[in-house]
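Here is a short briefing for a first look at this protein. Keep the model in view while you read, and begin with a single residue.

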Amino acid sequence: MRSPRDFSITAKLMGLALMAAGVALLVSTICFVLNDVSMIRSSMVKQITILADVLGSDCTAALDFQDADRAREVLGTLQQEPSIEFACIYNAAGQVFATYHQADKQFRVPPAPHEEGFRFVEGGYLDVVQPIVKHGQKLGSILLHANSSEFRDRLQRYVLIVTIMVAFSFGISVLLSSRLQRVISLPIKNLAELAKRVSVERDFGVRVTKVADDELGALCDQFNHMLQQIQNGEAALQRAHEELEAKVKTRTQELSRANESLGREIGVRMQAEKELEATHQKLLDAARRAGMAEIATGVLHNVGNVLNSINVSATLVLDRMRQSKLDELLRATNLLKQHSGDLGIFITDDANGKHLPNFLNLVAQCLRDEHAAIAKELDLLTEKVIHVKTIVMTQQSYAGVSGLIEAVDLPTTLEDALKLNLASFEREQISVTKQYQNFPKLRLDKQKVLQIMVNLIKNAREALCESVTQANRQIIIRTLRSSEQTLQIQIRDNGVGIAQHNLTRIFSHGFTTKKTGHGFGLHSCANAAIEMSGSLSVHSDGPGKGATFTLEIPYLPAGPPTAPQPDVDLHLAFITGSAVISDSPLST
């Protein structure tokens with residue numbers, strides 16, 4: 001449905017005028033109708049009341065002489081009043097004395113008169129009760145029951161007349177409104193049509209005709225002024241457009257030449273990026289190979305230390321063999337063979353034979369001690385060979401293919417990383433404290449974790465070795481859950497520490513604080529941590545205060561969680577080649 005706001009200005013002006021006229025006519029008509037209805041009703045009551053007084057006066061003699069027939073004759077004169085449908089005369093006792101009703105009407109006679117006066121009853125009827133008095137004495141009362149047909153007829157005629165007058169007045173209002181509204185609506189309509197024409201045809205040279213010097217005239221002047229400004233702006237815009245087209249054409253040619261040059265430059269840059277990517281990959285491979293070579297060098301160093309121990313043990317065995325008493329035993333056995341025929345006389349009577357049993361007993365004791373010493377050295381030699389085998393196997397595991405996600409027992413992996421530096425820890429008297437929380441097997445890239453741990457442990461060992469004044473060299477390896485989704489592996493040492501200005505550069509490619517370092521190790525470790533969706537960070541309070549490296553990786557259990565086990569704090573101290581392990585509750 002169309003909203004009144006969307007009507008034309010002509011319709012709105014006519015609507016306002018007609019609404020005002022209609023409301024005024026309606027209010028005045030209602031007032032007149034109400035006033036006339038009141039007057040007609042008052043006239044009807046007055047007329048019936050006068051009629052009742054007249055009939056009551058005529059019936060005084062009938063009531064005085066109790067002549068009911070006379071009273072009915074008086075009431076019979078009401079046949080000339082069609083509005084009176086029923087009439088009744090009551091005596092002084094309030095009993096019905098005489099009645100009248102129209103032949104075609106039926107009416108129930110009230111047993112007693114109503115209160116004196118008039119009242120309108122249901123159905124539009126009027127009941128009037130008047131007393132009948134003679135010389136100040138009430139002889140009875142008369143009741144007239146009249147219908148309002150005459151009242152309704154008069155009211156209908158009045159309403160018809162009023163309706164005709166209102167319709168005629170409203171018609172005149174419509175005619176006047178349709179004529180007078182043009183004074184306002186016509187200039188506005190012309191202005192709207194001109195604005196529409198300007199919008200459609202974009203002809204800013206037209207002008208609206210001013211009709212008067214009122215507000216509409218001022219609006220026409222402002223509209224014409226606006227059109228003049230738009231026309232001037234349009235002309236300036238056209239000139240600017242032509243100039244811009246010329247500039248665009250020139251610029252397009254320049255851009256075309258620049259685009260060709262840019263295309264060539266992009267090709268060169270893409271080729272450079274490919275070469276840079278290949279170089280970066282080579283650097284990563286070189287970093288990994290350098291890290292592996294550095295670890296291999298450490299492994300060979302540790303193996304060399306063990307081989308020195310093996311060489312010492314082999315030398316001791318050889319010296320024992322060279323100092324063996326077997327020659328004396330052989331001479332004794334030869335002497336026994338020479339006197340095999342008179343062995344008893346030789347042992348009892350010969351001076352050399354008497355010393356032979358004691359000599360054999362002494363040689364047996366020496367051979368027994370010699371055998372025990374050689375067996376001990378051979379056991380140590382076997383242990384050193386097994387140690388070398390363990391280091392080589394661990395190195396072979398470290399040199400495996402990375403990128404394989406498998407179920408990994410984290411403490412076992414950390415132990416493998418420690419084995420590669422075990423000999424150095426013994427020689428350099430470094431104690432290792434292990435604080436492991438209980439974890440199930442985790443889904444990890446074992447080779448990357450091992451690569452990072454070996455580098456961090458080696459760096460911690462070297463930091464402790466550089467701290468020549470450090471009496472208690474200590475490394476703490478700790479595992480803990482940092483959140484529901486991640487876990488941390490911390491390598492803490494009390495070595496030389498790291499300067500604050502180096503903390504932000506320590507993982508950069510090629511950066512190192514070592515005299516013989518190449519800066520590949522920590523950089524490759526940081527890249528490996530990122531490849532595992534983790535991170536590698538470092539904290540140090542400054543030079544001489546140690547450092548803590550933290551590897552944070554996703555916590556991804558390989559299967560259902562195992563029954564919880566108590567966490568332990570393992571303290572492994574290497575003092576002059578001896579190892580001591582102590583268990584205590586984990587202190588976090």
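The model is predicted. Its average pLDDT is 76.

**Around Lys134**
- Lys134 belongs to strand β4, which covers residues 125-134.
- Thr60 is 74 residues away along the chain, yet the C-alpha atoms of Lys134 and Thr60 are 6.8 Å apart.
- Beyond four places in sequence, Lys134 touches Asp64 and Leu139.

**Confidence**
- A pLDDT of at least 70 is reached by 77% of the residues.
- Residues 562-566 score below 50, and this stretch has 4 contacts in the model beyond near neighbours in sequence.
- Residues 570-588 also stay under 50. The model gives them 49 contacts beyond four places in sequence.

**Cavities**
- How many cavities of 30 Å³ or more does the structure hold? There are 2.
- The largest cavity has about 90 Å³ of space.
- Two elements each give two or more residues to its lining: α1 (9-58) and α4 (149-180).
- Helix α1 gives the most, with 5 residues.
- Among the lining residues are Ile40, Met44, Ser83, Asn147, Phe151 and Arg154.
- By type, the lining has 4 nonpolar, 4 polar and 2 charged residues.

**Helix α12**
- Helix α12 runs over residues 446-466 and has 21 residues.
- From first C-alpha to last, α12 reaches 30 Å, close to the 30 Å expected at 1.5 Å a residue.
- Is α12 largely enclosed or largely open? Of its 21 residues, 17 are buried, so the rest of the structure largely encloses α12.

**Two loop residues with positive phi**
- Gln429 is not a glycine, but its phi is positive, at about 55 degrees.
- Gln429 sits in the loop between α11 (422-427) and β7 (431-436).
- Gln429 has 43% relative accessibility, so it counts as partly exposed.
- Ser533 is another residue other than glycine with a positive phi, near 60 degrees.
- The loop that holds Ser533 lies between α13 (521-531) and β11 (535-539).
- Ser533 counts as exposed because its relative accessibility is 61%, and exposed means over 50%.

Terms used. Residues are numbered from 1 along each chain as its sequence is written. This is a predicted model: local features need pLDDT of at least 70, side-chain atom pairs count only at pLDDT 80 or more; totals for chains, interfaces and linings use all residues. Side-chain values use heavy atoms; hydrogens and water are left out. pLDDT is the predictor's confidence in each residue, from 0 to 100. Contact means heavy atoms within 4.5 Å. Helices (H or I, at least four residues) and strands (E, at least two) are DSSP runs, numbered from the N terminus. On a 1 Å grid over the protein atoms alone, a cavity is a set of points where a 1.4 Å probe fits but cannot get out, and a pocket is an open set with protein on both sides within 12 Å along at least five of seven lines; lining residues have an atom within 4 Å of a point. Grid points are joined across faces, edges and corners, and a volume is the space filled by probe spheres set on the points. Ala, Val, Leu, Ile, Met, Phe, Trp, Tyr, Cys and Pro count as nonpolar, Asp, Glu, Lys and Arg as charged, and the others, Gly among them, as polar. The expected span of a helix is 1.5 Å times one less than its number of residues. Buried means under 20% relative accessible area, exposed over 50%, partly exposed in between (1.4 Å probe, protein chains only).
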